[in-house]
Amino acid sequence: ALPEFEALATGGVKFTPQAFAGKTVVLYFYPKDDTPGCTTEAMQFRDKHKDFVKAGAVVFGVSRDNMTSHDKFRQALELPFELIADTEEKLCHMFGVVKNKIMYGKKVKGIERSTFLIDANGVLCAEWRGLKVAGHVDEVLKAVKLDGAVVHGVAGSAARAGFVRGLVAMLHSLSLQVIAEGVADEADAQALWDCGIDAQTG
């Protein structure tokens, strides 16, 4: 689960993991208000917002801009979700999105465009880092709708690992030694995963 933290957002909202327990939360980090890529991304989240709400998700945008900048940006684009003002970069560092970039031959500190999906139990279940805006919002929405199924990012690898561990443990616990010998290592279990075999049905 995520560590407890508090962040201020537009609309007077105080974001904490506990405050949104039971809800799927989408946190999308972007470099700066009112820039081309960030504007496009915000508009795409805006246009799909009703679908996110219908799927039981809450969306928050996060950048290092201050509240005044966020208010203007949100009003100009008529965004239906709140924006977190991470002026001290606490969330940016917590999620590891602060990166050094080379611009015009100089090293500068910037934010890597990234999105994180937190499930209803407050557990990080998927992430997208260094992403391209095109098609991204649709991917996130699909992940929200799947609600923990295999998606790109952490959820996919976690689900695979869980399948491997669960399958091997199940076979050993049932003492099906003959079968277990064939699937007791991760490579074989991985092959079963890729074939779409359900651990409960064999």
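The accessible surface of the protein comes to about 11,200 Å², and carbon and sulfur atoms account for 53% of that surface. Accessible areas come from the Shrake-Rupley method with a 1.4 Å probe, and for residues only the protein chains shown count as cover. The model is predicted: local features need pLDDT of at least 70, side-chain atom pairs count only at pLDDT 80 or more, and totals for chains, interfaces and linings use all residues. Residues are numbered from 1 along each chain as its sequence is written, and side-chain values use heavy atoms, with hydrogens and water left out.

**Overall make-up**

- The protein has eight helices and nine strands; these are DSSP runs numbered from the N terminus, helices being H or I with at least four residues and strands being E with at least two.
- Of the 202 residues in the protein, 41% are buried, where buried means under 20% relative accessible area, exposed means over 50%, and partly exposed lies in between (1.4 Å probe, protein chains only).
- Among contacts (heavy atoms within 4.5 Å) with a separation of 6 or more, 59% join residues 24 or more positions apart.

**Salt bridges: Asp 47 and Arg 46**

- The whole structure contains nine salt bridges, each defined as a side-chain nitrogen of Lys or Arg within 4 Å of a carboxyl oxygen of Asp or Glu.
- One of them pairs Asp 47 with Arg 46, at 2.9 Å from N to O.
- Asp 47 is exposed at 54% relative accessible area, whereas Arg 46 is partly exposed at 24%.

**Salt bridges: Asp 138 and Lys 48**

- Asp 138 and Lys 48 form a salt bridge whose closest N and O atoms are 3.5 Å apart.
- Asp 138 belongs to helix α5 (residues 136-146) and Lys 48 to the loop between α1 (36-47) and α2 (49-54), so this pair ties together parts 90 residues apart in sequence.
- Asp 138 is partly exposed, with a relative accessible area of 44%, and Lys 48 is partly exposed with 29%.

**Salt bridges: Arg 64 and Glu 89**

- A salt bridge joins the side chains of Arg 64 and Glu 89, at 3.0 Å from N to O.
- Arg 64 sits in the loop between β4 (57-63) and α3 (67-77), and Glu 89 in the loop between β5 (82-85) and α4 (90-94), so the pair ties together parts 25 residues apart in sequence.
- Arg 64 is partly exposed at 26% relative accessibility, while Glu 89 is buried at 11%.
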